[in-house]
Amino acid sequence: MIFAVNEINNDPAMLSGVKLGYKIYDNCGTADILRAALHLVSGQKEGASEGETDCAGSDTVQAILGHSGSRPTIAFAHVVGTFQVPVVSHFATCACLSDRKEYPTFFRTIPSDYYQSRALAKLVRHFGWTWIGAIAVNNEYGLNGVAAFVRAAGENGVCVEYSEAFSQSGPAHELQRIVGIVKRSTAKVVLAFMSHREIKVLAAELSRQNVSGLQWVGSDAWITDQSLSSSEGSSLLAGALGFTVARAKIPGLAEHLRNLHPSGFPGSRFLKDFWEDVFDCSLDETTTPRQRQPCSGSESLRNIESEFTDVSNLRFTNNVYKSVYAVAHALNNLLECENGKGPLAYGSCPDTRHIQPWQVLHYLQAVNYTTKQGERVYFDSNGDSPARYELVNLQMPQKGTMEGVTIGLYDSALVGKHQFMMNNMSVVWGGGRTKVPRSVCSESCRPGERKVLQKGKPVCCYDCVPCPPGEISNTTDSIHCMKCPSLHWPNQRGDACTPKEMEFLAYDEVMGTLLAAFSLLGAFLTLTTFLIFYCHKETPIVRANNSELSFLLLFSLTLCFLCSLTFIGRPSDWSCMLRHTAFGITFVLCISCVLGKTIVVLMAFRATLPGSNIMKWFDQTQQRLTVLAFTLIQVLICILWLTIKPPFPFQNLHHYQEKIILECHLGSAVGFWGVLGYIGVLALFCFLLAFLARKLPDNFNEAKFITFSMLIFCAVWITFIPAYISSPGKFTVAVEVFAILASSYGLLFCIFLPKCYIILVKPELNTRRHIIGKMSNADIHP
């Protein structure tokens, strides 16, 4: 402070024509500190050191620098605030001092514990420690610091397993109780928000009870304290992490310290004791020979290496330097006040011959300057300075020594992730670990899982359960699962939505291949039969069974087999309209031919009766017209269906959750069941006629085979209805194709196989005589 005052007084650009003076009080204890503060604001001189400089005018100070502790500062800042005297502290970090209602004149050049607590919470979260313990000193500094940390930790997803406080001067059982909690805890990381005095006591007790393996996170009040090296249990603190104010260089300070001499500060007890200890001499002229030799007066600190002359690691000292300059800049701005811009009524400026503390307070709030090292200094509306910390790692390069190595930075002025930055320095971890310790209540949930809180425990304690069907989580430790879009479904890991599988009866799958093969086989057999009949069209068995209807039936059967192919493959607008209409028309054509053949059998038998001329009403023309009429009715039904509400491709999302069924929507269910119903009526009618003609002479008619074919046809399609309704997805189409193929094969085999057998294997039976045969009298009675 003295160095900064002298530097300002020798700077012609600062406080032109005015010199700064100071009073130094070095009393200890809260009561003495409060008394010293009252002396300063009242103008009394008692207790002032001999180093004070006489100042003209009132003895009331314009600003107070100090104290270094939060508790003493809280004690006097509230009282001093009533006198409107600004207080600037370099080390009081309690967040409570930011309350402008309670402490309206308080400023500080060290960041508030509010920022330190938030920085510590970000540090803990950065290393993935979500389950920690917290121990604080039982005063405003520790309790407020831990409270702010717990709030910030909660915002960052960190849970505190326990939060305890003790005092160095408190009862021993309190310390024992806290050590017991630490021993039983599952948290491997412990935050210690306390001063160097409490951490020494705690580390010593933990060492005596063999509690080790913990990762310590410390506050700035102890993390860089050099006295830790020689304390009991200090090895337990190796690897500790914590934030402290950034290092700084103060040009000229080293030279100033090495030029110090007791003669320049005769009232300084500290400098007297320091001098006698360093040079092993006595400044007291009454020293006896058995004591230290008197100092010669030629001693100098220029060649002495001491921690008090070492300025290579300045941290909190720089805050004192900035405090002095802040007050100086406030006074300088006051002295340079322009009328119309001052703090008084109508913008008038203060009387520079009678400066009042409240006027300095006004200008101090607006101070904004940059140091010689490029650091910007200003105060926010709460009197706090910007928070910029170095992350320090306590390392033991050799036994008995403790060194704080800077491994990162924290700057609250930056945004988001840029606030906290790690450098490439190697880190020593607590407990002798070679990698980052792990401290969690529950292991992380993988993508595809979500967290379910455990009853009665903090949010960091949870179970991992898989996401429900149709939902995913694509991040670690996800709280909720996201529902996939309607056309997507989770992959096997449950961490991404993939397009749903499209299901339809395809040619490249086993079932589709088999059905297509049987369809082509049926068409081939039908064409083969057609060829056999064509080559033997003049034989009695072909001529006797109405060759024209037989050829038309074989043609329609070929179409029936081939139309089943329209049911296989990806549905399209044309395939959906074609499959049911083509199937309906070809089957009606087929059944019409069978029905015509059945009627021919009955009419032919009736025509052999005496006096019957019925065949003239059912010649070839009437047969063709009958087939055409029956078929045109089905064509008309199909045209109405396609005109009013035709089938169309449809994505069925409801039958299966995990896949999409590509199917042909019927459009009009009435049209579909009308087509099937008409086929059923014709088949039933044909079956009844064939059943009535089943006992006619075997060698003459084929009614028995038609009866079997219609029986198979009706059985297949009666079975098809419930199977079609209950079958899911592509199996619905497969059932329909199977019904088409089964009924087509039934007609082909039952009607044509016996004839092909006679034509190819038993040609001796393929004669007119055998076909007509002889009918007994009993057979021809009406």
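Is Cys484 buried or exposed, and what is its relative accessible area? Cys484 is buried, with a relative accessible area of 9%. Keep in mind while browsing these close-ups that the model is predicted.

**View 1. Cys484 pairs up with Cys497 in a disulfide.** The two sulfur atoms sit 1.9 Å apart. Look along the S-S bond of Cys484 and Cys497 and you get -90 degrees, which makes the link left-handed. This pair joins distant parts of the chain, 13 residues apart: Cys484 is in the loop between E19 and strand E20 (488-490), while Cys497 belongs to strand E21 (residues 497-499). Cys484 is buried, whereas Cys497 is partly exposed at 26% relative accessibility.

**View 2. Here Cys441 meets Cys461 in a disulfide.** Their sulfur atoms are 1.9 Å apart, and this link is right-handed, with 105 degrees about the S-S bond. Again the pair links distant parts of the chain, this time 20 residues apart. Cys441 comes from the loop between strand E15 (420-422) and strand E16 (449-453), and Cys461 from the loop between E16 and strand E17 (462-466).

**View 3. Cys337 and Cys349 form a disulfide.** You'll find 2.0 Å between the two sulfur atoms. The link of Cys337 and Cys349 is left-handed, with -80 degrees about the S-S bond. Cys337 and Cys349 both lie in the loop between helix H10 (316-335) and helix H11 (357-365), so the pair ties together parts that are 12 residues apart in sequence. Cys337 is buried, with a relative accessible area of 18%, and Cys349 also counts as buried, at 19%. If you want the total for the model, the count comes to 9 disulfides.

View 4. Cys560 is buried, at 0% relative accessibility. Elsewhere, Cys750 is another buried cysteine, with a relative accessible area of 15%.

**View 5. A cis peptide bond runs from Gly66 to His67.** Most peptide bonds are trans. For the bond from Gly66 to His67, omega is near -5 degrees. To find the spot, go to the loop between strand E1 (64-65) and helix H3 (70-81), which is where His67 sits.

**View 6. Asp280 has a positive phi without being a glycine.** Most residues other than glycine have a negative phi. For Asp280 the value is about 50 degrees. Asp280 lies in the loop between helix H9 (269-279) and strand E9 (281-282). Asp280 is exposed, with a relative accessible area of 52%.

**View 7. Asp477 is another residue other than glycine with a positive phi.** Here phi is near 60 degrees. Look for Asp477 in the loop between strand E18 (471-472) and strand E19 (482-483). At 22% relative accessibility, Asp477 counts as partly exposed.

How values were computed:
Residues numbered from 1 in each chain as written. Predicted model: local features only at pLDDT ≥ 70, side-chain atom pairs only at ≥ 80, totals over all residues. Heavy atoms only, no water. Helix = DSSP H or I, 4+ residues; strand = E, 2+ residues; numbered from the N terminus. Buried < 20%, exposed > 50% of the residue type's maximum accessible area, 1.4 Å probe, protein only. Disulfide = S-S within 2.5 Å.
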